[in-house]
Amino acid sequence: LSQPAKIYIMLGSNGIAWMSIDSMISKYSTFFTAVHTAAPKAKIYIEAILPVTAAKETSDERYSNSKINDYNAKLSEFAKSQGVTFLDTHSALVTSDGTLNTQYAEADGMHLKKAGYEALLEYFKSHTN
């Protein structure tokens with residue numbers, strides 16, 4: 001089997017509704033170890049949990065952007081502890097009020113539509129090597 005040169009990990013968007021930060025980091029660590037063991041030479045990037053729109057945040061308090069920021073701070077620390085790059089993809093998609101830009105969001109206020117993925121691609125082009 002060929003080995004990937006790069007691996008991008010983005011997990012946690014749905015999990016924040018029911019998982020504590022410590023539990024998420026524990027599960028993330030288990031997953032990360034499995035990925036790293038399977039592809040030890042790959043450059044691994046850990047991506048931030050993406051923001052949600054203001055409407056999503058208002059309609060479901062489990063998905064507050066403040067909470068997402070707390071999770072991302074822990075993910076950034078985890079990435080640093082593992083010697084891998086943390087990609088703050090969150091920052092590429094937010095408006096000045098810290099919510100997901102509605103131009104990038106599907107109607108659920110959480111998942112991305114094509115324009116959101118295009119914005120992520122531009123972020124990757126300028127923040128990875």
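Is Tyr-45 buried or exposed? Tyr-45 is buried, at a relative accessible area of 1%. For that term, buried means under 20% relative accessible area, exposed means over 50%, and partly exposed is in between, with a 1.4 Å probe and protein chains only.

Before going on, the conditions. This is a predicted model, in which local features need pLDDT of at least 70 and side-chain atom pairs count only at pLDDT 80 or more, while totals for chains, interfaces and linings use all residues. Residues are numbered from 1 along each chain as its sequence is written, and side-chain values use heavy atoms, with hydrogens and water left out.

Now the rings. A pair of aromatic rings is described by the distance of the centres and the angle of the planes. Rings of Phe, Tyr and Trp (its six-membered ring) pair if their centres lie within 6.5 Å; planes under 30 degrees apart count as stacked, over 60 as edge-to-face, and the rest as tilted. The structure has five aromatic pairs. One of them joins Tyr-8 and Tyr-45, which are stacked, with 4.8 Å centre to centre and 10° between the planes. Tyr-8 sits in strand E1 (residues 6-9) and Tyr-45 in strand E2 (residues 43-47), so this pair ties together parts 37 residues apart in sequence. Helices (H or I, at least four residues) and strands (E, at least two) are DSSP runs, numbered from the N terminus. Tyr-8, at a relative accessible area of 33%, is partly exposed.

Another pair is Tyr-123 with Phe-124: the ring centres are 6.5 Å apart and the planes are at 70°, so this one is edge-to-face. Tyr-123 is buried at 9% relative accessible area, and Phe-124 also counts as buried, at 18%. Tyr-8, Tyr-45, Tyr-123 and Phe-124 form one aromatic cluster.

Next, the strands. Which residues of E1 are on its covered face? Ile-7 and Ile-9 are, while Lys-6 and Tyr-8 make up the uncovered face. E1 pairs with E2 in the parallel sense, over four bridges; two strands pair if DSSP finds at least two bridges between them. Lys-6 has Lys-43 of E2 as its bridge partner. Between the two strands the chain runs through helix H1 (residues 21-38), and this β-α-β crossover is right-handed. Right-handed here means that, with the strands pointing away from the viewer, the path from the first strand over the helix to the second runs clockwise.

E2 is mostly covered, with four of its five residues buried. Ile-46 of E2 is the bridge partner of Ile-9, and Ile-46 also stands opposite Phe-86 in E3. E2 and E3 are paired in the parallel sense over three bridges.

Now helix H4, residues 114-127. Its 14 residues reach 20 Å from first C-alpha to last, close to the 20 Å expected at 1.5 Å a residue. The expected span is 1.5 Å times one less than the number of residues. Buried in H4 are Gly-116, Ala-119, Leu-120, Tyr-123 and Phe-124. They cover an arc of only 145° around the axis, which puts them on the same side of H4; the arc is that of the directions from the helix axis to the C-beta atoms. These buried residues of H4 pack against E1, E2 and strand E3 (85-87). The face turned away from the buried side carries the exposed residues Lys-114, Lys-125 and Ser-126.

Last, helix H3. Its 18 residues should span 26 Å at 1.5 Å a residue, and the end C-alpha atoms are 25 Å apart, which agrees. The buried residues of H3 include Asn-65, Leu-75 and Phe-78. Down the axis, the buried residues of H3 fall within an arc of 125°, so they line one face of the helix. They pack against H1, E2, helix H2 (54-59) and E3. On the face turned away are the exposed residues Glu-77, Lys-80 and Ser-81. Gly-83, which follows H3, has a positive phi, near 75°.

What does Asn-65 touch, not counting residues up to four places away in sequence? Its contacts (heavy atoms within 4.5 Å) are Pro-51, Val-52, Thr-53, Glu-57, His-90, Gly-98 and Thr-99. The C-alpha atoms of Asn-65 and Tyr-8 are separated by 22 Å, at 57 residues apart along the chain.
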